Amino acid sequence: MAWRFKASKYKNAAPVVPKPEACIRDISVGSYQTYGNNIAASAAFMAFNVDHNGSSLAVLPIDDCGRKSKTMPLLHAHTDTVTDMDFSPFHDGLLATGSQDCLVKLWHIPEKGLEESLSNAECTFSHKQRRVETVCFHPTADFLLTTTSYTTLTLWDISSEKEMLSNAEHSDVIQSLSWKKDGTLLATSCKDKQVRILDPRLPANSFTHMANSHQSIKDSRVVWLGDANRILTTGFDSGRQREVFIRDLRNFEDCEKSLVLDSSTGILIPLYDPDTGMLFLAGKGDTTVSYLEVTDREPYLIEGIRHNGDQTKGACLVPKRALAVMQGEVNRLLQLTSSSVIPIMYQVPRKSYRDFHADLFPDTTGCEAQLSAAQWLQGHNVPVPRISLDPAKRSAGESPIQPRLGPKPFTPPKLNFSSGSGEDDIKATTEFSFEKVFSVPVAPGHEAMNGVLPNRHGNSWHTIDNENNGINQSPYCVENDFQDKGEECLDDKCKKTIDNIPSSPCKDSIGLFEEENKSGVGLHSEDVSGRDAQPNSGSLEDLPLSSPTSHRKPKTPSTAERRKFYEKRISSVANEQDLQLPADALKFDDVDDKLEDFERASVQRSSIAERRRMYENRSSSVQEAGAADKRSPTLSPTPLRRQDSFKNSKTCAVDEVANKRSPVAIQRQQSQEQTAAGKSQDKKPEPVTTPTPKRTSTVFGRVSKFRHLKGTPLHKSMHIENIRNVSRQISGECDGFHANHERVAVPLSGPGGKIAVFELSKTGKLPDGVIPTLVHGTNIMDFAWDPFNCKRLAVACDDGTIRLWLIPKEGLAEPTNEPHAVLAGHSEKIYFIKFHPLAEDVLASGSYDMTIRIWDLATHTERIVLQGHTDQMFSFAWSPCGAYCATVSKDSKLRVYKPRSKSQAVREGRGPIGSRGARVVWALEGRFIVVTGFDKVSERQIQIFKADSLSVPLNTVGLDVSPAILMPFYDEDSSTLFLTGKGDSTIYAFEVTEEAPYLCPLSHHRCNSLHQGLSFLPKSVCDVSNVEFARALRLTNNTIEPLSFTVPRIKSDLFQDDLFPPTKVTWKPTLTSTQWFQGMDKQPPRQSLKPDGMECLSGAQGVAGSGEKSSSKTSGSTAVSGSLPGSQQPYNHLGWNSDITGATKEKQEQIQRAVGSRMEVNLKLEQDGMEGVDEHEWVSVVFLNLLK
């Protein structure tokens, strides 16, 4: 059979997407402008960027799934976005990260994963003033790391923490790199549109091949095709079409294969499996993952089955050791989306999977390196032994291959600024820890290389002289196994080196851990119970020698061991004191001196992660009263209250005495109480449960009453159909569609600037013919209905005028071009117009002349001019009280004005980045400002600011990549924020809260068709009897359909007073224009939405005694509550805490009496018939328990 007709074993490999339950869900992933894949995987773990900033990583087990908590432990890796990450091919728990903060860090992931957040790296390297672009481990040499930063390529020996090689011969930013599988050559793609092959071990010019590559400066990627002398690159041509090139080193100038894909803007991530020849192309922002098979003959690239799914943020392949080979899984691709990680299994269909299919699974590269970094540098090339994936050839059978996590191979964090720049290199070291020392493996037959003494039996000390450009660094021990020889195995140079190593900050308390050394691991010192431990007590002479047969390495006790030992000693001291003190008194003077020696090992000397964990264990998520107003937006958003701050009456006297003590004494008292209780029970003390206010959030997010809101289009009989020529050329600053409870205004296409006005009372299909319109004679920029006069429509035009129209009561009967009034004041075309929310006849307009003018429509005059803008204004919004206004503009500035006091902005902050448009809206009684816009990569995002502090957003939520500007609509009563864009089919919903995360996602509504605009109606239109809390009108290409938003409730026949607080009367004016311009402020009246004859839900439930209790418990919440005039019932934006009336109480008592008369109640208790014990016997038992 000819080769071209030969069938491939992997031709029909199909992607199998698991159910949502088998994916990692409810994570927050942003859009990061990096050259990395944003996700990496080993045989044990996966790591990926989280949050909008991307400076933290989530590290999860490779087979993890399900919803993830917003409080899950994270790897707080860097202070800026993590640009790239990579797992070691020989240690599944070894992770390297690079960041925009110019640092490269090494992390050791515990065997059980992250049980608490991790922020202390094992090793740190610096690239000076350039951000790190790529991070990659060597495929054959252990502990050899490759990083790139701008034009510099650096190789690091991480076992000795020194720079081995550096190459700065690239002319522009290195965008991607890839090692050949045998580890001899390295391929790079660069922003100068060239691809290079280099041998880093060559002394002079290390480039062996160079060629012109993709002719675009956009991101390009390179991957080596296994052991073959071929590379594959992806990128863009000069016309921004995506390309795939295959090059052979024998003819590097010309492409062996060139494939043009499409014109998408997504950067292609090539993922290649050398065992099967399978190539996966995942584009950032794409919804398609392509599969191609790479061959060594024509046609070179054979397309397979594509996968269509969610939008890709990143992708990576899982190592072969983690695959389910007995299910025909030949590859597994992890797809990172904005909210999930989807494991896509590529399965070759076979009739049966009971047997191992050896033809699908050739031997793969193992995980045990035969080379060290120093040996590779000397020119040795030893391949990694291959392993079989056949379960029959494994001792564990069909169970997954055990991940090789490996030991912790580093010294403590040491900042190494060596980047080959010469004498300006800075060397800074910290403490020395025997726990993190590791031996570089030596290949057989090579006894001494690069200053490393031979040690294959763990019987001597090894040091490495770290040299960089002639400057000697402090040598560190590579292996510290001891035998009975003790110090005889050390030379003078090594002794001097160890003596000069700075001691750990916690070594002043080394003597505390003498009891922990019974297992042979730990530090040895004399008894220090009667004296303070010296800072240098951890010298070499104090270290015990390991048995030659055990080969154990002494190590510094961890923070957890210190805390455990500290608590044991404290509990023993506390128990001794309890025998001498009465039960109702606590004395600290006698204990202070004994605790002084242990103070250094307390929480004050532990790491940040330990302190945070200890604090969280002794705290509960309870907000302090007024905390939201006092906290800084840059700090933790929700201060936590200690559980033991809820004191009962019995401990008041003790608190008064303890408060007079120093804070240290109070801290010791709490530690003594907890540890003494733990020792008496011979187990870890359980956290004390105290009555706390009801939490408003859980580990899965905020508990919202509107979490499951539902959007439903009303019956077709209420639609307005057959609307023709809807304009799609309206200005981006205009929402394009406005409505009130009587009529709607729709712009129509064509010359003359036409607006059609339809009566909501006249529904159905419009007759064919001419639609009556308002003709302006110029282009329309924006329009708005008067909120207090349903007949008046204001229209802004590009000639700088504002036309006021009065619609007849029966509606428009014919086209008209005669407005009621014309306002002229702006010198250029107008961006927007907005009516005042409380005062009638007050209108604000913003123009290209960079001014905002506020008009008095009663006199048709201009009263106030606001200045200070330097670029185009995108949006304007009045505050709910009407005293302030906010704008967002093209110069990425968010401004707040107080119009009646000052013409310049009173506050200014950083708004959304980008020039594509933005919107602004006030929330939560005007204390917060929500801004929608775009980021650098055109992803739509939502930002929320504290109104009195615009410097830093409290939270930023990224949605998707779309050109449509998000239009926000805020419902004050439910604190629900609706967002959608022109041309979208989804209406996003979020609840705005006063506590983190401030924007809580609700159920989004997906429409059947695209819409051109959305407009919400006043609250008085809602049908509260059907639990409808919001109603909107949606404009499509040819119809207007009403949309009802409801909340599912079981007892829908009752008035849901927890969902419908008294609403503000926004359809009637509160002030006149004269009163407002004179400086008067007045809150609008509130009106109950309860229909006549409908009973309240709270009254039917009969929470008679809970009204006062709930009001007292919620006194610490940050929701603003007030009193309705003429009513004694408190309310807030979250609900309506109604009291029980006397009639309801009487009805409850009647029900209780009726039930009691029909049921036989036995008031006798079971223990009444039991025999007790004498009083003296009872006292004796209690006394014995106390002695125990």
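## Terms and basis of the model

A polar contact is a pair of N or O atoms within 3.5 Å; within protein, one atom must be able to donate a hydrogen and the other to accept it, and residues adjacent in sequence count only if both atoms are side-chain atoms. The structure is a predicted model, in which local features need pLDDT of at least 70 and side-chain atom pairs count only at pLDDT 80 or more, while totals for chains, interfaces and linings use all residues. Residues are numbered from 1 along each chain as its sequence is written, and side-chain values use heavy atoms, with hydrogens and water left out.

## The chain as a whole

The protein chain contains 13 helices and 81 strands; these are DSSP runs numbered from the N terminus, helices being H or I with at least four residues and strands E with at least two. Of its 1188 residues, 52% count as buried. Buried means under 20% relative accessible area, exposed over 50%, and partly exposed in between, with a 1.4 Å probe and protein chains only. Among contacts (heavy atoms within 4.5 Å) with a separation of 6 or more, 56% join residues 24 or more positions apart.

## Asp841 and its surroundings

Asp841 lies in the loop between β57 (830-835) and β58 (842-847). This residue is buried, with a relative accessible area of 15%. Its side chain makes a polar contact with the side chain of Arg792 at 2.6 Å. Leaving aside neighbours within four places in sequence, Asp841 also touches residues including Trp855, Leu857 and Ser1073.

## Nonpolar cores

A nonpolar core is a set of buried Ala, Val, Leu, Ile, Met, Phe, Trp, Tyr and Cys residues joined through side-chain atoms within 4.5 Å. The largest has 25 residues, and those with the most contacts inside it are Met278, Phe280, Val330, Leu333 and Tyr346. Elements that give two or more residues to this core include β26 (278-283), β31 (329-336) and β32 (340-347). A second, separate core of 24 residues includes Cys1007, Ala1030, Ala1032 and Phe1045.

Leu333 touches, among others, Leu271, Phe280, Val289 and Tyr346, not counting residues up to four places away in sequence.

## Strands and sheets

Strands of a sheet pair through backbone hydrogen bonds, either parallel or antiparallel. Here, two strands are said to pair if DSSP finds at least two bridges between them.

Strands β62 (885-889) and β63 (893-897) pair over 4 bridges, with Val896 as the bridge partner of Ala886.

In a regular strand the side chains alternate between the two faces of the sheet. In β74 (1013-1016), Gly1013 and Ser1015 point one way and Leu1014 and Phe1016 the other, and all are buried. β74 pairs with β75 (1028-1035) in the antiparallel sense over 4 bridges, and Leu1014 stands opposite Arg1034.

## Cysteines

A search of the whole structure finds 0 disulfides, a disulfide being a pair of cysteine sulfur atoms within 2.5 Å. The sulfur of Cys65 is 8.5 Å from the closest cysteine sulfur, in Cys23, which is too far for a bond. Cys65 is partly exposed at 36% relative accessibility, whereas Cys102 is buried at 12%.
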